[in-house]
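Hi,

Here is the structure I promised to pass on.

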Amino acid sequence: MTEINTVVWGLAVGVIISLIFIYFNRVVLGGFVRKLIESDALSVDTALTVDELGYGKNFWIKRALLGSGAFRKIVFEIGDEIHIASEGHSFSARTTPIDLATARFYIAKENKTMAEIRYDRQGASIFTVIASVIIVLVVAYLATLFVPFIISELS
């Protein structure tokens, strides 16, 4: 395999992995965020447990809630230390471990719009992912056929 083919297929694999992550964020994590918003869990007083939201057995949600990534910057636990960013939205700086059996989660009112936009399900279907993967594979295959030819003609 030539260096050009390695680069083309490496890019294709990267794009496919990113498509899968986008789908996961919008469908799995987004489902939890949308459920919090639908349940009106928008403050410490209305916060709900993972079981109350119906996600008690969801490994991926539990893992994301224990992490410190972008998801946890939107979904808060009532014991989180909340900081307000200069842009006006808030984020968490947790210093103690979370007990998922009793932890109660919510989305701060100032983050509701951002959460709705970031975790919107629109355009996130398995058909879209499969179609996109097929397009990426076809483009990568065509690039491996034609790019070496074009480079040899230009040299």
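A search of the whole structure turns up one salt bridge (a side-chain nitrogen of Lys or Arg within 4 Å of a carboxyl oxygen of Asp or Glu). The partners are glutamate 52 and arginine 104, with their closest N and O atoms 3.5 Å apart. Glutamate 52 sits in the loop between helix 1 and helix 2, and arginine 104 in the loop between strand 3 (90-92) and strand 4 (105-107), so the pair ties together parts that are 52 residues apart in sequence.

Before you go further: this is a predicted model, where local features need pLDDT of at least 70 and side-chain atom pairs count only at pLDDT 80 or more, while totals for chains, interfaces and linings use all residues. Numbering runs from 1 along each chain as its sequence is written, and side-chain values use heavy atoms, with hydrogens and water left out.

Now the helices (DSSP runs of H or I, at least four residues; strands are E, at least two; both numbered from the N terminus). Helix 1 (residues 3-38) and helix 2 (residues 59-66) pack at about 80°, with axes 10 Å apart (axes are lines fitted to C-alpha atoms over the stretch in contact, angles running from 0 to 180 degrees between N-to-C directions). That makes the two roughly perpendicular (65 to 115 degrees). Phe24, Val28, Leu29 and Phe32 of helix 1 meet Trp60, Ile61, Ala64 and Leu65 of helix 2 (contact: heavy atoms within 4.5 Å).

Also, helix 1 has a kink of about 45° centred on glycine 30 (the angle between axes fitted to the seven residues ending there and the seven starting there).

Cheers

Notes:
Angles under 35 degrees count as roughly parallel, over 145 as roughly antiparallel, 65 to 115 as roughly perpendicular and the rest as oblique.
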